[in-house]
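Me: Could you walk me through this model? I'd like to go element by element and ask as we go.

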Amino acid sequence: MRDKLYTRREWIRNLCLTALSGSAISLISSCGKEEVEDFLQKHFLEMTREEKEALITRLEARYLKKYGRKFKVSAQEAIPDTLWGYGLDLSRCIGCRRCVYACVEENNSSRLKPQSQWIRVIRLKKGSLVDLENSEHYYNPDLVPEKDFLYMPVQCQHCENPPCVKVCPVHATWKEPDGLVVVDYNWCIGCRYCIAACPYRGRIFNWAEPNVPSDQWNTSVHYLGNRPRMRNVVDKCTYCIQRVRVGRYPACVEACPTGSRKFGNLLDPQSEIRYVIENKRTFRLKEDLRTEPKFYYFFEA
Amino acid sequence: MQALRETLHETWRFYRKTLTLVLTGTREYYLWCLLLLSIMFLGLLFYLPQVYTGLITTNMKDQVVWGLYIANFTYLVGVAAAAVLLVVPAYIYQFGPIKEIVVLGELFAASSIIMALLFVMVDLGRVDRFWHMLPLIGSMNFPNSLLAWDVIVLNIYLVLNLLIPVYLLVKTYYGKEPNRKFIVPLILFSIPMAVAIHTVTAFLYNGLPARPFWNASILAPRFLASAFCSGPAIIIIVFQILREYTFIKLEDRALFKIAELMAYAMFLNLFLLMSEMFKEYYSNTVHIASLKYLYEGLHGKNALVPWIWVGTAMNLIAFVIFLFPAMRKRLSTLNIGCILIIAGVWIEKGPGLVIPGFVPDPLGEIYEYMPNFTELFISFGIWATGLLIFTLLMKVAIPIASGEFSHAKYIEERPASDWQ
């Protein structure tokens with residue numbers, strides 16, 4: 001009897017040990033070098049210049065291996081004396097959504113399952129401009145514009161008082177010196193509190209690993225902008241940080257067929273955006289919340 | 001040397017005995033633990049794909065970014081805060097019968113906090129980066145982010161609710177009187193902390209001007225009032241079960257005292273709800289949209305309407321039951337009232353609070369969220385985890401409280417050979 005008990009006990013112990021070592025080995029082997037590097041990666045703003053350079057080399061190598069494309073990752077800092085501002089002419093916008101798709105392509109957003117878009121164009125009945133509760137998100141006529149409607153594209157408004165930055169529990173999102181609100185995708189813990197706090201729906205969650213066909217990657221990327229994201233982190237419009245910091249327009253400005261979109265430096269009196277603010281009748285969305293957006297809607301006089 | 005050996009020996013015996021207590025029991029006990037373990041395992045089976053595929057396995061979307069997990073989190077913080085309702089009368093007013101069960105009530109609060117924290121953990125997209133939130137090691141956004149505040153107060157409350165009962169139990173084990181100078185300040189401190197965890201959790205929602213449904217200053221008082229309804233209701237049920245299956249002695253008088261206090265809380269809860277309803281419906285501004293979605297439906301979308309009305313009816317019937325002493329002082333009606341208020345408050349401040357905050361979204365889109373199987377089973381798994389933790393704690397705490405597992409018993413049972 002005693003012997004029998006012992007064999008059974010031994011058998012159970014051996015089983016447990018086998019299971020334990022088996023799971024340990026699989027756990028360690030699945031935890032590759034990349035995972036360890038990611039796990040230990042510091043906050044972007046706390047890295048030295050050398051650390052940033054090393055990180056970029058590492059990312060470029062990794063993207064080449066993972067996506068089979070040669071990426072150029074930039075970490076270019078803000079241009080001094082710059083505060084980016086956006087203008088959108090509501091009397092010209094025809095609601096064609098070309099900006100939406102140009103943005104998706106430029107910024108390497110997930111194409112399908114999940115589909116991820118940083119710009120949302122809503123359709124409003126003429127006569128009630130900011131009645132957002134009666135907005136139409138999935139309008140789909142044969143031809144735009146339609147007689148009784150006007151269209152309002154909404155994206156991150158790059159607030160001077162961003163509520164999303166205030167609520168982030170880990171400082172994973174912040175306002176850059178040129179006014180751009182950015183996210184360190186490697187620091188975000190995916191709690192989505194910032195999405196709850198945003199009054200403009202300016203933030204999008206990567207509900208799964210982003211899905212971009214390998215021939216459609218835009219390989220010119222910025223660390224804080226359009227570089228390939230990972231699952232379960234938040235991303236958002238950066239006014240195309242990878243473009244504007246090298247003197248180009250955001251992709252949505254270039255894509256707009258009606259010239260409704262204006263962009264420029266708010267601190268430069270000669271800029272297009274300053275001209276808009278001084279000469280047009282501008283307003284900002286939900287000004288009563290005191291978020292101070294740097295995104296001005298306006299009308300032709 | 002002898003004394004040290006003695007202490008080590010007793011410690012070893014204490015752990016062995018604890019393990020024996022946990023591992024042996026009646027057939028019902030084994031079945032109960034097995035049931036909980038299998039629910040936990042099922043939850044884990046759903047959790048792993050969620051981690052490796054992403055939160056796309058849930059029904060949450062960019063329009064409604066928090067769902068069943070955060071709803072349960074909110075509810076459980078309230079349940080945990082309710083321990084204060086047991087602590088206040090027992091220690092301040094020296095009310096006899098309640099004192100016996102305060103230790104067990106605080107262990108219940110600790111189990112609830114563990115569940116609440118687990119619900120936050122499963123909701124986190126990048127649980128691997130959890131350390132980013134820790135103070136000193138990570139980069140905690142304190143004092144700006146209310147979520148940082150919540151992490152701090154919840155952990156302090158958890159430590160308090162483990163420390164106090166464990167200290168009292170250890171003293172009971174040795175048959176000594178607790179050092180009042182040490183424990184009374186801690187107990188008194190746990191009272192404002194209970195209020196704090198629930199206030200901070202309310203402020204987490206309250207501080208978002210983007211969401212008018214939550215951006216009402218009545219939210220924190222409502223949270224507290226509803227917590228003082230549902231938490232004690234669960235405790236009344238749990239202690240009747242413990243009384244039935246263990247030898248813990250507990251007078252009906254203690255339960256009725258808790259029920260009386262609950263009646264006040266229920267009145268306050270309904271009054272605050274009415275104040276909110278009046279303000280929204282009478283002023284009828286754009287801010288009413290979420291409330292309308294919840295109670296009537298909006299633009300033909302009305303997934304939550306049946307739920308909230310069932311919840312409201314439950315809360316009203318429970319209030320009537322608790323209002324009349326004849327009904328709350330009879331166990332059968334008291335238990336019906338408790339079950340109604342547990343479910344009613346869960347609907348009202350769980351899904352009924354979290355989901356409408358996101359509907360319509362800031363640009364007016366309506367996405368009708370309903371949890372899917374992944375969310376349901378992970379939630380069941382967490383509830384089972386909490387119940388298992390509480391069961392195991394009870395399995396050890398009750399023999400200590402009853403004197404069956406004590407130092408005196410150890411002296412009696414000690415083999416003669418160890419004595420030399």
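Me: How many of the 22 residues of H1(B) are buried?

Reply: The count is zero, so helix H1 of chain B is hardly covered, where buried means that 20 or more other C-beta atoms lie within 10 Å of a residue's own, exposed means 12 or fewer, and partly exposed is anything in between, with C-beta atoms placed from the backbone. H1(B) covers residues 2–23 and reaches 31 Å from its first C-alpha to its last, close to the 32 Å expected at 1.5 Å a residue, the expected span being 1.5 Å times one less than the number of residues. Helices here are DSSP runs of H or I with at least four residues, and strands are runs of E with at least two, both numbered from the N terminus.

Me: Before I go on, what kind of model is this, and how are things labelled?

Reply: This is a predicted model, in which local features need pLDDT of at least 70 and side-chain atom pairs count only at pLDDT 80 or more, while totals for chains, interfaces and linings use all residues. Residues are numbered from 1 along each chain as its sequence is written, and chains are lettered from A and ligands numbered from 1 in the order in which they are written.

Me: What pLDDT does chain B average?

Reply: Chain B averages 91, with 95% of its residues scoring at least 70; pLDDT is the predictor's confidence in each residue, from 0 to 100. For the complex, the predictor gives an ipTM of 0.92 and a pTM of 0.92.

Me: And H6(B), how far does that one reach?

Reply: H6(B), residues 146–173, has 28 residues and reaches 40 Å from first to last C-alpha, close to the 40 Å expected. Just after this helix, Gly175(B) takes a positive phi of about 70 degrees.

Me: Which residues have the most contacts inside the largest nonpolar core?

Reply: They are Ala80(B), Ala116(B), Phe119(B) and Ile341(B), in a core of 186 residues, a nonpolar core being a set of buried Ala, Val, Leu, Ile, Met, Phe, Trp, Tyr and Cys residues joined through C-beta atoms within 7 Å. The largest share of this core, 15 residues, comes from helix H5 of chain B, residues 96–123. Leaving out residues up to four places away in sequence, Ile341(B) touches Cys229(B), Ser230(B), Ala233(B), Met266(B), Met314(B), Asn315(B) and Ala318(B), contact meaning that the C-beta atoms, placed from the backbone, lie within 7 Å.

Me: Switching to chain A, what is its secondary structure?

Reply: Chain A has nine helices and 12 strands, and buried residues make up 42% of its 301 residues. Of the contacts in chain A with a separation of 6 or more, 65% are between residues 24 or more positions apart.

Me: In what order do the strands of the open sheet in chain A run?

Reply: The four strands of this sheet follow the order S10-S2-S12-S11, with mixed pairing, and two strands count as paired if DSSP finds at least two bridges between them. S10(A) and S11(A) stand at the edges with a single partner strand each, so one side of each is left without a neighbour in the sheet. The twist averages 30 degrees from one strand to the next, with axes taken as lines fitted to C-alpha atoms, for helices over the stretch in contact, and angles running from 0 to 180 degrees between N-to-C directions.

Me: How does S2(A) pair with S10(A), and how with S12(A)?

Reply: S2(A) pairs with S10(A) in the antiparallel sense over five bridges, and Leu88(A) stands opposite Arg261(A) there. With S12(A), S2(A) pairs in the parallel sense over four bridges, Tyr86(A) having Phe295(A) as its bridge partner. S11(A) and S12(A) run antiparallel, joined by three bridges, with Phe283(A) opposite Tyr297(A).

Me: Is S2(A) covered on one face or both?

Reply: Both faces are covered, with Trp84(A), Tyr86(A) and Leu88(A) buried on one side and Gly85(A), Gly87(A) and Asp89(A) buried on the other. Helix H9(A), residues 272–279, lies across S2, S10, S11 and S12 of chain A, at about 110 degrees to S10(A).

Note on methods
Contact = placed C-beta atoms within 7 Å.
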